[in-house]
Amino acid sequence: MTSPPIYIEVAIALPVHNTYTYSVPEDLSTLATTGKRVLVPFGRRRVTGYILGPSKEIHPEEIKKVLDILDEASLFPSSMIPFFRWIAAYYMYPIGDVIKCALPGGLNVCDDHIVTIKAKGEGALVKNLATPLESKILNLLTPAPCRLKELRKKLHKQIPNSLIYAMEGQGLIEHTCKLKGGTTKPKVERYVTLTGSNMSVHGLSDSRKKIIEIIEGEGEISVRKLKARVPSAPNLIKHLETDGFISIFHKRVYRDPFGETINSDIPHNLTQEQATVVSTVMASMGGKFSTYLLTGVTGSGKTEVYMQLAAKAIKDGYSVLILVPEIALISQMERRFRARFGERVAVLHSALSPGERYDQWTRIVRGEVAIAIGARSAVFAPFKNIGIIIVDEEHDTSYKQDSGLRYNARDLAVVRAKLQNGVALLGSATPSLQSYYNVKINKFKEVTLKNRVEKRPLPEITMVDLRKNRDVRGIQRFITPELHEAMKTTLAHGKQVLLFLNRRGFASYPVCSACGEAIQCKNCDISLTLHQTANAYKCHYCGFTRAAVSNCKTCGSSKIRLLGLGTEKVESTVKTLFPDAAVARMDRDTTRRKGSMIKILKGLRNQTIDILVGTQMVAKGHDYPNITLVGIICADLSLNFPDFRASERTFQLLAQVAGRAGRGAVPGKVILQTYNPDHSSILHATAQDFQALYNDEIGFRKNLNYPPFSRMVQLKISGKNKEKTRNHAQALGDLCFNLKRNDRSFLRSLEILGPIESPIPKIAKHYRWQILLKGKNVKPLHRFLHKIWFENRAAIHKPGVQVVLDVDPFFMT
Ligand code: ADP
Ligand code: ZN
Ligand code: ZN
């Protein structure tokens, strides 16, 4: 008896917006469960797809068969599918690509087209029988077969598939498909265990006896570990197996991303304030969605609150997800959670190797851990049943992904909590205006920690006006006497100093002293930064590098003035000022190598570093009780960004970096140097007064109808050809205006700004334009986007010009 065919809904890992129905052959039918990957035919290729569940739409005549099931167990629980669908719809991103972006990389396989020239093709070349385009293709194929993709690249031309098929039909070329990918795989190790049947060790060599003894003690042991104790083990175990003493088997093991083991800790007795927060949030846990904004001054013990809430969730059988903005902070959070929860913690972040990431993912899917800590992508951690999602430092801009699927993990945390009836807890000492506004309109509930633990005072902030130093030459221009004195005192007391400057490199604005031209990147409209250690000028946008000895490109002069300050220069200056102090620097340049960041943080913890100079990397969340002085070299750098959030960001950055001071028993001090002592963001940061900032900013946002009073979507248009890019931007702009004119519902609900050239008009050889759409709320915006994106696809897509959609854009450059 044959059972009726099974139809499944599959999301294809390709940029297609629909899902597709496939039938499952009978021999695979028991294996085809939701959350597994399948190999399916799609067009003329075989590609990876994800099973979303049984299919509802069935047109049996058109349905193709699944070729293979690629996973033994599901990669994600079915409870995540509504989440994936939500993301695809909201960010207007293909659902298969959403899932691909969520999963660990390197798993998928798909067909690669390879084209080979045949004898007839070679003949056609010799006899000149092919068309010019065909000849070009045949010429490129003469040395060796080539991937179709590469062929297109080499020709700088769109080769239509029909041409390839036609040439194949004529016998000029052959075109084959080969599966590629699938580079991330489970790690397996060889293990040994005793069979129990042959136990007479009499007459065995000492080494063999020792091996048996070890296995007896351990139950089972990996051959790798055994070898460490008995070097000849790999050889001997084969004999022992033949003689029936032991059996050798393969076992999946996890790659270990955790370095050292950590001593366990005991929960603190909560302060009154902490206890109130914990009990309030706890009351909402267990099957009811709500979002809390935890506003707690720096050093108020938010992490302890997170840990006690996590403990409660786990006790009730739920899982816990914790998002942290930066890898340095993940390691701090991870230490604290592992000290409390031991083996029940998984981590997910970009510093893991693909294999480690896959293993952490597996531990979560299998339910072997209850807590996952990670950066923004951890919002996709495949837990079935989440009780609470915590987003630490919720204001942080690194929650926004700025390429591919341009999601905001903070927002997705709230969405996921809602879809799974969990609690979202967003914590920050400097909440985003958006979240605080959500409190005001009762979308979020606020819980507060007003005091630092043990009533430690907030640091005292002294503002130093840099304008009075304008004429000072040399070091004192930016290490003012006030800062210099404070550093001396701090070091004399055996305490640590943190110096903050939000710009890396040695000189960020090199200028030719002969002709006055700035030294610019050849690919971008931006000046190069001198990096002394690397002895080169570098572009921070495209990575372009030029030797530091180069002359001015305009006049040829070799006299370059090094204007513009960066962390590298601060570091070298501080080293001359304090030759006996141990000075370190933390920025993107010094933390590129794996483990280098951890090393710096360890130095801070062990106090082998006296002075740390750093960019915004040092500003966030760190808890080092011996830092008693924070020096803000120049508070103004982020003020002049062409972005309506510039004031908000400046406030957050300054208040956060100030919060690194005085977290231990000794009160902290902050010296804030600025050219804008009257600017409201700087004043409010000096007063550490978030309320004042909010009141100022929210009025401005309301007047200009910026978020949180509107939603925005940005269309980013870029291309290598200046004219073409500009024309396409204009054409898109016209399309938008026409759509708006022709639909009365858009007239009032939607605003179109642009098209305008982007603030940085050229990056990495690409000219850049943008159109900004503003809507009162998200519905008309989405309807509008659907019209341009799906109903006018032909007008949107033009060869050589790229258009991307950024829903809720964060970086306006
Ligand atoms: P935040 O994240 O709010 O900036 P942390 O969670 O890092 O603050 O806490 C600051 C310090 O206070 C940490 O060293 C932490 O161990 C300690 N701490 C937290 N809660 C308590 C408490 N109830 N009693 C004593 N110390 C505490
Ligand atoms: Zn010059
Ligand atoms: Zn560049």
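## Basis of the description

Donors are here the N, O and S atoms within 2.8 Å of the metal (3.2 Å for Na, K and Ca), and since water is not among the atoms, sites may look incomplete. The model is a predicted one, in which local features need pLDDT of at least 70 and side-chain atom pairs count only at pLDDT 80 or more, while totals for chains, interfaces and linings use all residues. Residues are numbered from 1 along each chain as its sequence is written, ligands are numbered from 1 in the order in which they are written, and side-chain values use heavy atoms, with hydrogens and water left out.

## Zinc ion (ligand 2)

Along the chain, the donors of the zinc ion (ligand 2) follow the spacing C-x2-C-x36-C-x2-C, and they are the SG atoms of Cys512, Cys515, Cys552 and Cys555, at 2.3 to 2.4 Å from the ion. The arrangement is tetrahedral because the four donor atoms subtend angles of 104 to 114 degrees, where four donors count as tetrahedral if all angles lie between 85 and 135 degrees.

Cys512 is buried at a relative accessible area of 2%, whereas Cys515 is partly exposed at 34%; buried means under 20% relative accessible area, exposed over 50% and partly exposed in between, with a 1.4 Å probe and protein chains only.

## Zinc ion (ligand 3)

The zinc ion (ligand 3) is coordinated at 2.2 to 2.4 Å by the SG atoms of Cys521, Cys524, Cys539 and Cys542, which are spaced C-x2-C-x14-C-x2-C in sequence. Angles of 102 to 115 degrees between its four donor atoms make this arrangement tetrahedral. Cys521 and Cys539 are both buried.

Conventions:
Tetrahedral: all angles 85-135°; square planar, octahedral: opposite > 155°, others 65-115°.
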